[in-house]
Amino acid sequence: MSLLTGKVAFITGASSGLGAATARHFATQGARVFIVGRNEEALSQTRAACQQAGAEVVAQTFDVGDRAACFVAIAACVDHFGQLDVLVNVAGKHYLHHSTEASLNDWRQDIDSNLSGPFFLSQAAIPHLLEQKGNIVNVASIAGLQGQAYSAGYCAAKHGLVGLTKALALEYAKTDLRVNVICPGGMDTPQVSSLQMPEGIDFELLMRSAGLRGMMTPEEVAPVIAFLASDSASAIHGAVYPVDKGKTVG
Ligand SMILES: NC(=O)c1ccc[n+]([C@@H]2O[C@H](COP(=O)([O-])OP(=O)(O)OC[C@H]3O[C@@H](n4cnc5c(N)ncnc54)[C@H](O)[C@@H]3O)[C@@H](O)[C@H]2O)c1
């Protein structure tokens, strides 16, 4: 029996990077997966990889900032699989801005993808997760633990996601629902390779968020999510897990 045999997991951000690696890893660990992304073609590649690992997969594209779409997707997942055991909120977007130059739309995108989406999906998923003694794993960032230059909206949203995790953990402390958050350091994914550098930024400040041991791969981080989602982590609730090769040690 594998770590996640019998579990149904709803995973966002699955068209690339950590979300795709998590979906593939969950598939190898015996989970059935409902995967969400915004890029249909890339998502279909993740679906194929999960199927190759023997998993039953449903793929759907929508924006997690759309509350109604979040409720529809969670209902579709439960309709299809008959249960929901794990919600993994991986989707997120990071833009660099001088804070004085960020538009209202920039701010909203930071908050919608990194914070509102996980909240809306949690609202929709919790009744089903309670039935299954299930759990939520949120993906914040080291930017949810410390400051990051030129990233005010992202940093605020990721700190918010850590707070959201703690608030839900306390609200459901008397149930069997578990809620945890991981805070990755730098990972080699499209989010990093596609970062646009605004003019005139101070690279010394920007690089303060880089770790001494270099970038991680998403494949190094996905197993941590799988462990937290599994019954092996039954004692872990309300935890804030840095996964950053020691970046936030001091
Ligand atoms: N790459 C890093 O260095 C790093 C570090 C710390 C935390 N993180 C976090 O890890 C998570 C995964 O990022 P990644 O590095 O794999 O980047 P990525 O760009 O490869 O993946 C992000 C995914 O989220 C999806 N997404 C973004 N906004 C969305 C929305 N509103 N609705 C639906 N889907 C949306 C994208 O389509 C994409 O599939 C993000 O939450 C990110 O903030 C990344």
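This is a predicted model: local features need pLDDT of at least 70, side-chain atom pairs count only at pLDDT 80 or more; totals for chains, interfaces and linings use all residues.
View 1. Asn89 and Asn138, the latter in β5, are bridge partners. The chain passes from β4 through α4 to β5 in a right-handed β-α-β crossover. Strand β4 covers residues 86-89 and runs parallel to β5, with four bridges joining the two.

**View 2. Strand β5 and its partner β6.** Arg178 in β6 stands opposite Asn135. From β5 the chain goes through helix α5, residues 152-171, to β6, and this β-α-β crossover is right-handed. Five bridges link β5 with β6 (residues 178-184), and the pairing is parallel.

**View 3. The two faces of β5.** Asn135, Val137 and Val139 lie on one side of the strand, Ile136 and Asn138 on the other, and all are buried. The strand spans residues 135-139, and five of its five residues are buried.

**View 4. The largest nonpolar core.** This core has 65 residues, and those with the most contacts inside it include Ala9, Phe10 and Val88. Helix α4 gives the largest share, seven residues. In soluble globular proteins, nonpolar side chains tend to be buried together. Leaving aside residues up to four places away in sequence, Ala9 touches Phe26, Ala31, Val33, Asp85, Val86, Val88 and Ala229.

**View 5. The shell around the ligand.** Of the 31 residues around the ligand, the nearest are Gly13, Gly17, Gly92, Thr189 and Gln191. The elements that each give two or more residues to this shell are α1 (17-28), α4 (104-132) and α6 (190-193). By type, the shell has ten nonpolar, 17 polar and four charged residues.

Key
Residues are numbered from 1 along each chain as its sequence is written. A residue is near a molecule or strand if its C-beta atom, placed from the backbone, lies within 6 Å of it. Ala, Val, Leu, Ile, Met, Phe, Trp, Tyr, Cys and Pro count as nonpolar, Asp, Glu, Lys and Arg as charged, and the others, Gly among them, as polar. A nonpolar core is a set of buried Ala, Val, Leu, Ile, Met, Phe, Trp, Tyr and Cys residues joined through C-beta atoms within 7 Å. A residue is buried if 20 or more other C-beta atoms lie within 10 Å of its own, exposed if 12 or fewer, and partly exposed in between; C-beta atoms are placed from the backbone. Two residues are in contact if their C-beta atoms, placed from the backbone, lie within 7 Å. Two strands pair if DSSP finds at least two bridges between them. A crossover is right-handed if, with the strands pointing away from the viewer, the path from the first strand over the helix to the second runs clockwise.
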